[in-house]
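Open the model in your viewer and show it as a cartoon.

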Amino acid sequence: MNILIVDDDANARKTLGKILKAKGYDIEEAASGAEAVSKAGEKFFNIVAIDVRLPDKSGLEVLEAVRKNNEETILIMMTGYASLDSSIEAMNKGAYSYITKPLNMEQALAIIEKGVEKQRLSIENKRLLKELTEANESLKEMDARKSAFVANVSHEFKNPLAVIKESLSIIIEGLAGDIGSTKQKDILSAAKSNIERLIRLVTDLLDISKIEAGKMEMRRENFDIAILVSEILDNYKGELAKKEISLKKDIRENVGAIWADRDKISEVIINLLNNAIKYTPAGGEVGVKLIAKENNLYFEISDTGPGIPEEYKEKIFDKFERITTEKIEGTGLGLPIAKDIVELHKGRIWVESPLQQGLPAGRQGSRFIFVLPRDFRGKNTSR
Ligand code: ADP
């Protein structure tokens with residue numbers, strides 16, 4: 001620790017210097033402002049104690065000159081009562097504190113030691129902040145590389161899976177010749193539905209990594225959403241029947257067109273529908289409702305499943321969040337993807353649960369709702 005004492009009064013320099021030396025500090029002295037500025041320009045001082053009144057420069061000028069090159073140096077003004085004002089001004093300009101003259105050594109020492117401690121903490125804080133910033137940067141970089149890796153792998157998986165699925169379909173449909181037995185057909189069908197699950201999984205992974213990288217592309221067009229919903233529901237007839245789930249449809253055919261990405265919106269609907277069917281026990285009911293209100297379209301999927309506890313209603317829209325304790329398969333990606341797609345269309349998605357008061361625990365049911373502006377052009381289309 002080194003201290004520069006700037007004072008034209010040789011006596012004051014010596015007395016203060018002696019005491020500080022005894023405390024283990026290295027001391028240098030300057031008898032004028034010019035000497036002080038030149039010394040502080042050559043090396044770093046932990047502390048510079050500056051007399052407010054010097055023969056050649058004001059203490060304030062010295063303070064500013066030293067501060068310019070030494071951000072970490074603690075500057076302490078030494079002042080007689082008559083020039084207290086300029087010390088206060090100096091503190092406004094970055095001095096740490098002031099010592100009154102004639103010097104009270106105990107007071108001077110206490111102020112200097114506090115200054116040294118403050119400097120130590122400030123240097124330590126800066127070091128920690130730098131370490132944290134660097135660690136954060138490298139984590140971000142690793143995270144981006146991981147996302148790119150997941151995106152690449154998912155992409156590479158998708159094509160072969162699609163080819164396998166097509167091949168299985170061709171065989172199952174008998175287009176490549178007859179299948180020997182029903183058992184063989186059942187095995188192939190099971191293989192096909194597993195491949196379809198894998199395709200859904202890699203699609204989710206691909207979507208989430210695109211969303212993370214801000215590279216989710218939108219191909220918007222005008223289309224009739226009522227027709228889209230009906231087409232999707234037609235594909236679920238088999239699955240609903242297998243689980244003995246009844247479907248309650250309330251789709252107003254005159255809702256009209258929406259300007260949106262058809263594939264992405266159908267992905268949202270499919271994700272919600274898959275969940276409703278997946279989490280509803282056999283024999284339950286799934287409801288689908290589509291209505292138009294002013295310039296918005298409201299889409300609702302309700303189910304008679306376990307419902308969503310209050311504390312999970314927002315969390316389930318975060319990546320990898322799941323509340324299922326039973327062994328129901330899933331990745332925790334369906335809802336975050338749905339939310340992002342809806343928000344990319346300037347819409348909103350949320351869940352309401354229970355469906356109504358008085359339902360028994362475990363069968364509270366939930367209603368997922370998303371609302372989309374029919375055409376958000378002209379509004380803020382930053383994304
Ligand atoms: P996944 O279904 O693959 O786990 P999601 O992101 O689609 O992922 O859903 C997140 C979680 O929200 C699910 O794990 C489940 O706990 C809960 N959840 C979603 N939809 C429903 C629903 N219709 N009924 C009950 N719980 C649901």
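Start with a term: two strands pair if DSSP finds at least two bridges between them. Keep that in mind for the sheet below.

**The whole protein.** This model is predicted. Show everything. The protein has ten helices and twelve strands. Its radius of gyration is 36 Å, well over the 21 Å that the globule rule gives for 383 residues, so the protein is more spread out than a compact globule. The C-alpha atoms fill a box of roughly 110 × 50 × 45 Å along the principal axes. Of the 383 residues, 27% count as buried.

**The domains.** Colour residues 2–103 as domain 1, 139–212 as domain 2 and 220–373 as domain 3. Now look at domain 1 and domain 3: their centres, taken over C-alpha atoms, are 71 Å apart.

**The sheet.** Which order do the five strands of the open sheet follow? The order is E2-E1-E3-E4-E5, with parallel pairing. Select strand E2 (26–30) and strand E5 (97–101). Both stand at the edges with a single partner strand each, so one side of each has no neighbour in the sheet. On average, neighbouring strands here are turned by 20° against each other, direction ignored.

Select strand E4, residues 74–80. E4 pairs with E5 in the parallel sense over five bridges. Click Gly80: its bridge partner in E5 is Lys101.

**The helices across the sheet.** Select helix H1, residues 10–22. H1 lies across strand E1 (2–6) and E2, at about 165° to E2. Next, select helix H5, residues 105–172. H5 lies across strand E3 (47–51), E4 and E5, and runs at about 160° to E4.

Terms used. Residues numbered from 1 in each chain as written. Predicted model: local features only at pLDDT ≥ 70, side-chain atom pairs only at ≥ 80, totals over all residues. Helix = DSSP H or I, 4+ residues; strand = E, 2+ residues; numbered from the N terminus. Rg over C-alpha atoms; globule rule 2.2 N^0.38 Å. Buried ≥ 20, exposed ≤ 12 C-beta atoms within 10 Å, placed from the backbone. Domains from an automatic or database assignment. Axes fitted to C-alpha atoms, helices over the stretch in contact; angles between N-to-C directions. Contact = placed C-beta atoms within 7 Å.
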